[in-house]
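Please brief me on the packing and pairing of helices and strands in the structure below. Whole sentences grouped by topic will do.

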Amino acid sequence: MKRRAFLALAAAAAVSTACGTASGSGRGTKTLRYQGSAGAVTLPELAADLGYLGDVTLDWVGNTISGPQDIQSAATGQTDFGGAFNGAVVKLAAAGAPIKAVIGYYGSDQYAYNGFYVKENSPIRSAADLAGKKVGMNTLGAHSEAMLDIYLQRAGADPKKAEPLVVPPINTEQSLRQGQIDVAVLGGILRDKALQTGGIRKLFTDFELLGPFTAGAYVFTDKFLKQNPDTARAFVTGVGKAIEWSRSTPSAQVVDRMTQIVRKRRRNEDTSALKYWKSWGVAEKGGRVSEHELSMWVDWLAGRGELANRKVDITSLYTNEFNGVGP
């Protein structure tokens with residue numbers, strides 16, 4: 001999403017929440033509106049199915065197209081919570097949206113990582129070869145573009161020489177194989193499915209760049225947290241329990257549970273990719289948020305001119321107050 005459009009939405013978010021126009025956030029609400037993902041199961045959906053949310057229910061309002069769009073929807077009151085790359089959380093908050101990260105929900109480890117892939121016969125072998133090449137990713141200014149920038153900078157290459165393009169995740173593999181893009185960012189079940197098909201090879205991964213780290217968080221508005229602390233606590237603790245349940249449960253059982261969740265909601269979705277799930281990649285116990293997970297992206301954003309010289313108080317952007325899963 002272009003910077004101007006992002007900032008315009010951020011301004012709308014600040015006005016909306018300041019004026020109290022967001023719906024569904026009255027005191028004591030027990031229903032949380034959210035966006036899901038086609039053919040996939042989110043951690044809140046898993047937590048609800050496991051009974052970890054107590055009397056809090058989820059109200060699906062549609063599917064998100066990207067992390068930045070998801071947290072903008074939460075900030076403007078179209079939904080009650082949203083999740084995105086931590087750099088996008090910092091960026092939206094710096095632009096004036098009164099949001100707070102409450103729990104990490106995805107990250108990078110040896111099983112859950114985003115890889116940058118090229119066709120097997122591609123001449124691209126290093127960062128220097130990416131000049132003028134099209135790199136397909138789900139959204140701009142977020143996780144994948146940050147990883148691309150870091151990879152190029154560490155190799156002494158100019159990040160501006162590569163051409164990042166938005167490609168829906170479900171279409172990324174096909175776009176690479178058809179030659180519409182030169183590099184495809186693939187993660188999780190879509191990555192493993194593409195690798196099983198063959199004909200592609202890895203250029204680099206975010207796990208290789210940074211090691212294990214939590215990359216994204218769910219956010220609520222400050223107003224929602226103030227008005228609905230018990231609901232927030234039930235949600236965050238429930239999601240934290242779902243993270244730990246997934247760690248301690250054989251992956252085949254987690255996959256089976258998620259497959260049943262998708263089938264029960266009857267949205268005519270393809271569940272075939274779910275079998276590749278292995279991990280959420282969340283680094284901290286129960287998804288607790290650390291200051292470093294947010295602060296590490298401030299310099300990256302500032303270097304891109306995304307913060308407009310705004311000072312960012314990281315300690316005000318997150319809280320573990322509502323997380324009942326111990327550190």
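Strand β5 is mostly covered, with five of its six residues buried (under 20% relative accessible area, where exposed is over 50% and partly exposed lies in between, for a 1.4 Å probe and protein chains only). Helices (H or I, at least four residues) and strands (E, at least two) are DSSP runs, numbered from the N terminus. The model is predicted: local features need pLDDT of at least 70 and side-chain atom pairs count only at pLDDT 80 or more, while totals for chains, interfaces and linings use all residues. Residues are numbered from 1 along each chain as its sequence is written, and side-chain values use heavy atoms, with hydrogens and water left out.

**Strand β5 and its partners**

- β5 covers residues 114–119 and includes Asn114.
- With strand β8 (residues 183–187), β5 pairs in the antiparallel sense over four bridges (two strands pair if DSSP finds at least two bridges between them).
- With strand β9 (residues 200–205), β5 pairs in the antiparallel sense over five bridges.
- Phe116 stands opposite Val185 in β8, and its bridge partner in β9 is Phe204.
- Asn114 is buried, at a relative accessible area of 18%.
- Beyond its neighbours within four places in sequence, Asn114 is in contact (heavy atoms within 4.5 Å) with His143, Val185, Leu186, Gly187, Phe204, Thr205 and Asp206.

**The sheet β3-β10-β4**

- Three strands form an open sheet in the order β3-β10-β4, with antiparallel pairing.
- β3 (82–85) and β4 (99–108) are the edge strands, each with a single partner strand, so one side of each has no neighbour in the sheet.
- From one strand to the next, the twist averages 30°.
- β3 and strand β10 (residues 213–221) run antiparallel and are joined by four bridges.
- Gly82 stands opposite Val219 in β10.
- Strands of a sheet pair through backbone hydrogen bonds, either parallel or antiparallel.

**Helices on the sheet**

**Helices α3 and α4**

- Helix α3 (residues 67–75) and helix α4 (residues 86–94) pack at an angle of about 40°, with their axes 10 Å apart.
- The contact is made by Pro68, Ile71, Gln72 and Ala75 of α3 and by Ala88, Val89 and Leu92 of α4.
- By class, the contact of α3 with α4 has six nonpolar, one polar and no charged residues (Ala, Val, Leu, Ile, Met, Phe, Trp, Tyr, Cys and Pro count as nonpolar, Asp, Glu, Lys and Arg as charged, and the others, Gly among them, as polar).

**Trp297**

- Trp297 lies in the loop between α12 (291–295) and α13 (298–303).
- Trp297 is buried, with a relative accessible area of 1%.
- Not counting residues up to four places away in sequence, Trp297 touches Phe85, Asn86, Gly87, Ala146, Met147, Ile150, Leu210 and Phe213.
- The C-alpha atoms of Trp297 and Val89 are separated by 9.8 Å, while these residues are 208 residues apart along the chain.

How values were computed:
Axes are lines fitted to C-alpha atoms, for helices over the stretch in contact, and angles run from 0 to 180 degrees between N-to-C directions.
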